Amino acid sequence: MNRLAALLTAAVLLLPAGPAFADREVLVSNPAELNRALGAAVSGDTIVMADGTWQDAVIGLTAPGPLTLRAQTPGKVLLTGRSSLSLNSPHLTVSGLTFTGGQAPDGTQSVITFNSDHGRVTDTAVIDFNPAEPQTAYYWVYFKGGHNRLDHSLLRGKNHQEPVVGNDRGLAAKYNAVDHTRFADVPNVGRNGMEALRIWGYGQWGELGTQEGAYFTIEHNLFEHVDGDDEIISLKSNHNTVRFNTIKQSSGGLVLRYGNHNRVENNVILGERYPASEGIRVSGNNHTVRGNYVAGVSGYGLKVTSGEHMFDENNQLDYLTPGFVPQRNPLSPYGYLFHYGQVTDSEFTGNVFVDNAKSDMHLGWFYKNHWPAYQMVLLPERNTFTGNLVHRPKGGVAVITSPQETAPPLEKFTFEPNTFRGNVVHGGTVDVHAPNSSEGIIVLPRSRQAPPPPPQTAESGPTWSR
């Protein structure tokens, strides 16, 4: 046995020293060298892009992960011309790149694309990476796979068609995240579909499953002068979380457009009377809207929409008026899709509204909008509003519920009440209609004490740009 131990010890001593087994780091100076390094890469490698300008660099990462591609100096690798980046294999990380002075290659869906799973792009910037014509459509960041992350990045100056960031419609695009990223200077060029984030996924067509969804997380981001669309953050799927974000001086609002079971928590919206600034808009059911701070917007603090009536109790199309033209969509469960979903069974808790131009909480917004072409007559019901605080130093209506019209054909509808508990209004009034009751809303004179300040938020953007 002693002889065997001696032999094993000798064998160990003959093995190469530790550095031969260390993860490799390879410096590359041009796209050809980068492609060769990727072709020879093994798991654990780091490929370093040399500082300087990389013209027309189309980077398609397909390599055994985990693998890292990073800038030699964060922020000093400039991708210009027709450049793009795609992560095509699992467990890839990209860090420190800057896309500027160019545009996505023709026919490309996005500048940065997550085609696989468990990828990360961090400490990266896309700045003014625009085509000559605003109708040219591509995203700056697009998620097709799952469990991917964009973080600590800067997206500034997008001025053309499609959102800045998008999540794919397919079921593979799940559990993605955008955090600690700064969105800035997105002008309004008069075109729809230019949100900062549009999160598609299960729920976008009114699908009936309750557990399936995109499960996208948007947190600790900063939005400044983001004016491209009236929906800055647009959720069009189930089971997403939007928390701890700050929106400052931006047109539009935080919108739950389609889908259910979403959470909107602890966000700060500071309008500072910026034109067309809004708070939070909600459609759909079983949402949680909690702990948000909305101050100084030129519109509403919270809009809880009316829903569109389309079907009777037997799920047959129900034409209330001859002018109704249902929105056909073969992907929705019954072949038609409502314009807005009725808001039911949702919780609105501990939100703070300060000095907003229009009402702070409007239940039933959009009632009979576009009537009779739209059938927007389903008022919110069975929602709870608990512990919300309103400060209106200039007075005005703080809480309003849209009254139901009862002339035919609307007399057939009855709605359950929403519940108010422990809400306080300083310096405003309420306009609450049946079946709702203002019990649970305490109205006080304008407070001499200053309203609570907005919460502190985390730093966002690349470390090298602060």
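Which residues form one aromatic cluster with Phe 143? I found Phe 114, Phe 143 and Phe 216 together in that cluster.

**Entry 1. Basis.** I worked on a predicted model, in which local features need pLDDT of at least 70 and side-chain atom pairs count only at pLDDT 80 or more, while totals for chains, interfaces and linings use all residues. Residues are numbered from 1 along each chain as its sequence is written, and side-chain values use heavy atoms, with hydrogens and water left out.

**Entry 2. Aromatic pairs.** I took rings of Phe, Tyr and Trp (its six-membered ring) as paired if their centres lie within 6.5 Å; planes under 30 degrees apart count as stacked, over 60 as edge-to-face and the rest as tilted. The structure holds 14 such pairs. I looked up Phe 114 and Phe 143: their ring centres are 4.6 Å apart and their planes stand at 0 degrees, so the pair is stacked. Phe 114 belongs to strand β10 (residues 110–114) and Phe 143 to strand β13 (residues 139–143), so I noted a link between distant parts of the chain, 29 residues apart. I used strands as DSSP runs (E, at least two residues), numbered from the N terminus, with helices being runs of H or I of at least four.

I then turned to Phe 348 and Phe 385, a stacked pair with 4.6 Å centre to centre and 5 degrees between the planes. Phe 348 lies in strand β33 (residues 347–349) and Phe 385 in strand β37 (residues 384–386), so parts 37 residues apart in sequence are tied together.

For burial I applied relative accessible area: buried is under 20%, exposed over 50%, partly exposed in between (1.4 Å probe, protein chains only). Phe 114 and Phe 143 are both buried, and Phe 348 and Phe 385 are buried as well.

**Entry 3. Charges over rings.** My criterion was NZ of Lys or CZ of Arg within 6 Å of the ring centre and within 35 degrees of the ring normal. Arg 169 lies over the face of Trp 200, 3.5 Å from the ring centre. Arg 257 lies over the face of Tyr 340, at 3.8 Å from the ring centre.

**Entry 4. Strand β22.** How many of the six residues of strand β22 are buried? I found that six of six are buried in this strand (residues 231–236). Two strands pair if DSSP finds at least two bridges between them. Strand β19 (residues 197–200) pairs with β22 in the parallel sense over four bridges, and Leu 197 has Ile 233 of β22 as its bridge partner. β22 also pairs with strand β25 (residues 252–258), in the parallel sense over five bridges; there, the partner of Ser 234 is Val 255.

**Entry 5. Salt bridges.** I counted a side-chain nitrogen of Lys or Arg within 4 Å of a carboxyl oxygen of Asp or Glu, and the count comes to 26. Asp 179 and Arg 149 meet at 2.8 Å, N to O. This pair links strand β17 (residues 177–179) with strand β14 (residues 149–151), 30 residues apart. Is Asp 179 buried or exposed? Asp 179 counts as buried, at 3% relative accessibility, whereas Arg 149 is partly exposed at 29%. Both residues belong to a network of salt bridges that links Arg 120, Arg 149, Asp 151 and Asp 179.

I also examined Glu 25 and Arg 70, whose side chains meet in a salt bridge of 3.3 Å, N to O. Glu 25 is exposed at 55% relative accessible area, and Arg 70 is partly exposed at 27%.
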